[in-house]
Every structure is written in structure tokens, then in C-alpha cells.
Amino acid sequence: MKSLLAINTVAFKTMVVREVRRFTRIWVQTIVPPAISALLYLTIFGTLIGSRIGEMDGHRYIDFIVPGIIMMAVITNSYSNAVSSFFGAKFQHYLEELLVAPVHIVVILAGFVAGGVARGLAVGALVAAVSLFFTDITVQNPLLTILVVVLTSTLFAIGGVINAVFAKSFDDVSVIPNFVLTPLTYLGGIFYSVKMLPDFWESVSMFNPVLYMINGFRYGILGSSDFDIRWSLFVILVFIVVLGSVALFLLNRGIGIKQ
Amino acid sequence: MNALQTKALAKTYGSGLVALKGINLEVQQGDFFALLGPNGAGKSTAIGIICSLLNKTAGSIEIFGHDLDSNREFCKSQIGLVPQEINFNVFETPRNILITQAGYYGIARREASTRADEYLASLDLYEKRNQTARTLSGGMKRRLMVARALVHRPKLLILDEPTAGVDIEIRRSMWKFLSDLNAAGTTIILTTHYLEEAESLCRNVAIIDGGEIVESGAVEELLSRAMVQSFVLDLAEPVSVEIDLVGYRLISQKPRQLEIEVNTGTSMNDLFAQLAAQDINVLSMRNKANRLEEFFLRLVDENKKSNTA
Ligand SMILES: Nc1ncnc2c1ncn2[C@@H]1O[C@H](COP(=O)(O)OP(=O)(O)OP(=O)(O)O)[C@@H](O)[C@H]1O
Ligand SMILES: [Mg+2]
């Protein structure tokens with residue numbers, strides 16, 4: 001018999017291929033809409049309104065919002081890819097193809113997360129390409145930028161899997177994105193610097209994890225952040241570890257997938 | 001060695017429904033084994049637990065001598081499952097479904113593609129390999145699940161009603177296919193509601209009802225234990241007078257048809273002698289039902305009576 005490591009390596013590759021094929025096959029639903037909304041944001045907020053705002057944190061307003069807009073696309077797409085792929089597999093029962101096979105739960109989680117990250121990055125890259133029509137910013141710290149974006153999409157893809165584990169209907173799949181994710185992203189300083197907020201709301205914002213991600217990413221691109229970049233990385237990593245453990249616990253118990 | 005052994009396997013669903021009351025199953029390596037039982041007996045529940053799709057409530061399972069709980073990956077790699085309900089992604093093509101499933105068992109893409117084509121061909125799906133699975137007919141979908149279950153060449157193949165909704169011709173070719181597979185060494189466990197299928201294919205059988213095994217053993221042996229057989233006799237001319245039989249039980253009488261119950265081991269010669277003496281001319285005779293079916297029905301019926309008593 002093949003070693004379990006060999007089996008799981010092939011299984012992981014198989015999952016990644018399947019995941020990427022899934023979202024590229026339905027690219028009109030998965031890739032195009034975020035690019036269009038980014039285009040709208042950049043035109044309306046960046047160009048039209050942004051020209052009246054002037055500078056934010058020492059940058060042109062449009063330059064300031066570009067990182068946040070890319071990040072918003074990455075976050076929503078990583079999340080929704082993982083949640084819809086996992087829930088689809090559960091709903092149509094082809095998750096069973098994985099459950100009967102000798103695939104380790106870490107690989108099952110990693111496979112779905114990799115799919116989410118792949119779509120998050122693909123859409124992120126597309127939105128970044130669109131934004132080049134509006135700005136000509138050069139990335140200050142490419143390595144850090146990539147690190148932050150990969151970690152962030154990993155985190156939200158894990159979140160998507162957890163959501164899908166508990167979801168019983170397609171409605172449950174959209175509750176978290178609509179009522180949690182969107183508010184957190186908008187309040188995470190895409191369009192403004194939290195320093196502009198009254199002290200109280202600035203403190204409240206500090207509890208919003210998305211703030212750290214957007215700021216970390218903005219730091220990588222523009223070289224400026226509302227606070228220390230090491231904090232950003234720390235917060236993201238802590239969330240990955242916590243949510244990753246929760247996801248593995250759920251999968252191991254078979255909660256939501258095995259009766 | 002046993003390909004499968006369950007000990008006191010029990011399952012209570014979250015709803016409180018007791019689906020398995022502690023069943024002991026033993027399937028020898030190389031066997032062709034039938035798991036029979038009426039709707040809701042617990043067959044799919046047992047299979048679901050054996051294949052790691054359901055959590056058990058109590059008991060233990062061994063696959064080729066390895067405990068499922070402590071050796072789950074090994075056990076999983078030995079089993080191929082054809083589930084009762086369609087469970088593939090209907091937007092995928094048969095070929096991709098097989099390649100993906102093979103990948104989950106660690107078979108790399110190139111080898112997986114070869115095998116996919118091989119099994120699609122042997123289940124007569126090669127022509128359809130590149131169209132979305134949604135467009136396959138019901139019987140083709142079942143065959144696709146058989147192909148998928150085989151792609152990692154399991155030593156134990158478990159089929160949960162694989163021939164439901166499959167036409168007679170294909171069903172027969174599937175029987176031949178499964179027999180050959182079994183002859184080549186694959187242990188097969190089959191559930192079916194077509195008892196002639198079980199009778200002609202399987203060597204051993206367990207009958208499960210209400211979450212309990214009510215009978216098990218070699219098919220031949222169970223059949224020989226069946227106490228009575230019913231026959232339907234077609235008559236040459238209509239008979240209106242009441243027929244009198246000694247030593248045989250007349251179940252029903254129509255002008256051109258008699259139904260007669262005969263105890264196992266009783267000679268039929270005397271029956272024909274008695275009928276001839278009453279000027280009754282028998283044109284043809286057949287078993288009322290397939291023998292295993294009759295045995296099964298009696299058993300389930302008795303079980304029902306003893307449960308309500
Ligand atoms: N998910 C579930 N939740 C609660 N009860 C269930 C569930 N699945 C099955 N049952 C119940 O468990 C019992 C056994 O069901 P099971 O599917 O194992 O029967 P079966 O022998 O496979 O029947 P069939 O021949 O109809 O396929 C039935 O009473 C069924 O209603
Ligand atoms: Mg069933």
C-alpha cells in the first residue's frame with residue numbers, strides 16, 4: 001500500500017485541481033462581478049468623489065483606497081468560494097467521495113482552503129490590474145504584500161468552510177457574508193483612516209480583525225499604516241490558528257456532515 | 001479471513017430513531033454476500049457506518065482484520081462503495097468524476113485517466129465520458145457509481161441497490177460483471193430488493209429487519225430450510241368443481257389456474273396422480289415466487305407478527 005503521505009499529496013493536488021476548475025468553469029459568476037464592482041468603486045469614490053477629498057494619510061485618496069478595494073475582493077471571494085464549494089459538495093452529497101476515501105481531514109480542509117485562496121488571489125490580481133487604470137502606485141514591499149494577502153485569504157477561506165459545515169440551506173450560506181463580513185470590511189478602513197474617527201470609535205475599530213488585514217496590506221503597498229505592521233501579522237496568524245483548529249475539530253467530529 | 005466483521009454494531013439517529021440494534025455480521029474474504037431486508041430495515045445505515053459516512057453509536061467493525069476506528073485510512077482504502085442515492089457532482093463529466101475519485105485514493109492523474117477510461121468502457125459509459133453527468137439516464141448514473149467505486153481497485157466492494165432502475169439487459173450484464181469481479185477475488189456485499197438477483201449471485205446472506213439480523217447463512221442452506229413452496233398450475237380446460245387433494249394444500253382455485261403449497265421434501269408425483277384421477281389436465285407449472293423471495297416474505301411476516309404480539 002502507498003504511504004499515507006503519498007496518498008494525501010495526490011489527494012491534495014486533486015482537490016486543488018477540482019476547486020480551481022470549479023470556479024474557472026463558472027467564471028462569469030465568480031471572477032467578473034468583483035472586477036466590475038471594483039471598477040465602480042474606483043470610478044465613483046476614487047475619481048469622482050476622491051478628487052474633492054484630497055489627501056488621506058498623506059496619499060491621494062484614490063491611492064489610499066486601492067489596497068482596501070483589492071483586499072475586500074480577496075476577502076469576499078476567498079470566503080464565498082470556500083463556503084459555496086463546501087456547501088455544494090455537502091448539499092449534492094459528493095462530499096461523500098472525500099469522506100469514504102483515505103484523505104486526512106487536514107487535507108480536506110487544506111483543499112477547500114486552497115480553492116478559496118486561489119480564487120481570492122485570482123480576483124485580487126484582476127482588481128489590482130483594473131486599478132492600474134486609475135493609479136500608478138508602485139508596491140513598496142512586495143513580499144509583505146503577498147504574505148498579508150495570502151494569510152488573509154487563508155483565514156477567510158477557513159471561515160467559509162466553518163460556515164458551510166453549519167449551513168443547512170443556501171440561505172445560511174449568505175447570512176455571514178451579508179451580516180458580518182460586509183460590515184466588518186466596510187468598517188475596516190477601506191475608505192477612511194481610523195485615525196479620523198472619534199476616540200471611542202477608533203478604539204472600537206481596534207476589535208475589528210479586518211482592520212489589521214487592510215492596514216497590513218496597505219502598508220505593503222503604500223508603506224504607511226495606522227499602526228505597527230507586526231500587529232497586523234500577529235492578529236491574522238492568531239485568527240488562522242484559532243479558526244483552523246475549530247474547523248479541524250468540526251471535521252474530525254463530523255459535525256454537520258455525518259449523522 | 002473476514003473481509004468484514006461487525007460486532008454489536010448499533011446506531012441511534014439524532015432523532016432518537018434506533019436504526020441498528022447491535023448487529024453481528026461476518027463476511028468471508030472472497031464471498032459474494034447479500035444483505036437483504038425490507039425498506040427501513042437498516043441496510044444503508046449499516047453500510048454508511050462501515051464506509052465512514054455515518055457515526056456509529058456502539059459496537060466495532062473490522063475490515064480485513066483491521067479495526068476501523070484505529071486504522072481508518074487503511075480500511076477506507078480497501079473498500080469501494082456504490083451508495084443507494086446518487087452522490088456525484090452532476091455538473092462534472094463521468095471521466096472527471098472517476099479521475100477525481102481516484103485522486104482521493106492517491107492515484108496520480110495519468111494512471112487515473114487510464115483507469116477511468118478502462119472502467120467507463122467496461123460499464124458501457126465510454127461514449128458518455130465527456131458529457132455532464134446530469135445528462136445521463138438513471139441507469140447510466142448507477143453504472144457510473146459502480147465504475148467510480150472500482151477505480152481504486154478495492155478488495156471489498158459494497159453495493160447498496162446497484163440495480164435499482166436498471167433495465168433487464170444491463171442488469172444481466174452487470175450481474176455478469178460482478179460475478180467476474182468476484183471470481184477474480186473481490187469480496188462483494190450487495191443489497192437488493194430483487195431477490196432472484198441475490199439468489200443467483202450470492203453465496204451467503206443476512207436478512208435484517210427492524211435493525212436486527214433475523215436470519216443468516218448460506219443461501220442454499222436457507223432455501224433448504226424453507227418449509228414449503230408454492231406452485232402455480234395452469235390447466236388445459238376450465239374446472240368448476242371443487243378439487244380434492246390429500247397431502248397438499250390448495251391455496252386458491254380459479255377455472256384455469258390452481259395455486260398449491262407443497263411441503264419441502266414431498267414428492268410431486270402423487271400430486272399429478274391425484275389431479276389425473278380427477279380428470280384434470282395440467283399444461284404447465286411454475287414456482288409462485290422465486291424461492292428466496294418466498295423465504296424472505298415469510299420471515300419478515302413472522303417477524304412482524306412476533307413484534308406486534
Ligand atoms: N438521517 C436519518 N435520520 C433519522 N433517521 C434515519 C436517517 N436515515 C435513515 N433513518 C431511519 O433509519 C431506519 C433505517 O434506514 P435505512 O436507510 O438504513 O434502511 P434500508 O434498510 O437501507 O432501507 P431501504 O431498503 O429503503 O433502502 C429507517 O427507519 C429510516 O427512517
Ligand atoms: Mg437503503
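Reader: What classes of residue are found in the lining of the largest cavity?

Author: That lining has 5 nonpolar, 3 polar and 3 charged residues. A:Val100 and B:Tyr105 are among the lining residues, and they count as nonpolar because Val and Tyr are on that list (Ala, Val, Leu, Ile, Met, Phe, Trp, Tyr, Cys and Pro). A:Glu97 also lines the space, and it is charged because Glu stands with Asp, Lys and Arg; the others, Gly among them, are polar. Before we go on, this is a predicted model, in which local features need pLDDT of at least 70 and side-chain atom pairs pLDDT 80 or more, while totals for chains, interfaces and linings use all residues. Residues are numbered from 1 along each chain as written, chains are lettered from A and ligands numbered from 1 in written order, and side-chain values use heavy atoms, without hydrogens and water.

Reader: Why is this space called a cavity, and what is its volume?

Author: It is called a cavity because, on a 1 Å grid over the protein atoms alone, a 1.4 Å probe fits there but cannot get out. The largest one holds about 80 Å³, a volume being the space filled by probe spheres set on points joined across faces, edges and corners. In all, the count is 5 cavities of 30 Å³ or more.

Reader: What makes a residue part of the lining, and which helices contribute to the largest cavity?

Author: A lining residue has an atom within 4 Å of a point. Helix 5 (95–99) of chain A and helix 5 (138–150) of chain B each give at least two such residues; helices are DSSP runs of H or I, at least four residues, numbered from the N terminus. A:Glu96, A:Glu97, B:Arg148 and B:Ala149 are among the lining residues.

Reader: What lines the second largest cavity?

Author: This space of about 50 Å³ is lined by residues including A:Arg18, A:Tyr94, A:Glu97, B:Asn96 and B:Ile97. Helix 3 (residues 94–104) of chain B gives the largest share, 3 residues. By class, the lining divides into 2 nonpolar, 3 polar and 3 charged residues.

Reader: Which helix gives the largest share of the lining of the second largest pocket?

Author: Helix 4 of chain A does, with 9 residues. The second largest pocket has a volume of about 650 Å³, and A:Ser80 and A:Ser84 are among the residues nearest its centre. Its lining divides into 13 nonpolar, 13 polar and 3 charged residues.

Reader: How do you know that chains A and B touch, and what area is buried between them?

Author: The contact, meaning heavy atoms within 4.5 Å, takes 27 residues from chain A and 32 from chain B. About 2700 Å² is buried between them, with carbon and sulfur atoms giving 52%; this is the accessible area (1.4 Å probe) lost on being put together, summed over both parts. In chain A, A:Glu97, A:Val100 and A:Gln259 lose the most area to chain B, together 23% of what that side buries.

Reader: What makes the pair B:Glu92 and A:Arg21 a salt bridge?

Author: Their closest N and O atoms are 2.9 Å apart, so the pair meets the rule of a side-chain nitrogen of Lys or Arg within 4 Å of a carboxyl oxygen of Asp or Glu. The rule finds 3 salt bridges across this interface. Helix 1 and helix 5 of chain A each supply at least two residues of the side that touches chain B, and helix 1 gives the largest share, 10 residues.

Key:
On a 1 Å grid over the protein atoms alone, a cavity is a set of points where a 1.4 Å probe fits but cannot get out, and a pocket is an open set with protein on both sides within 12 Å along at least five of seven lines; lining residues have an atom within 4 Å of a point. Buried area is the accessible area (1.4 Å probe) that two parts lose on being put together, summed over both.
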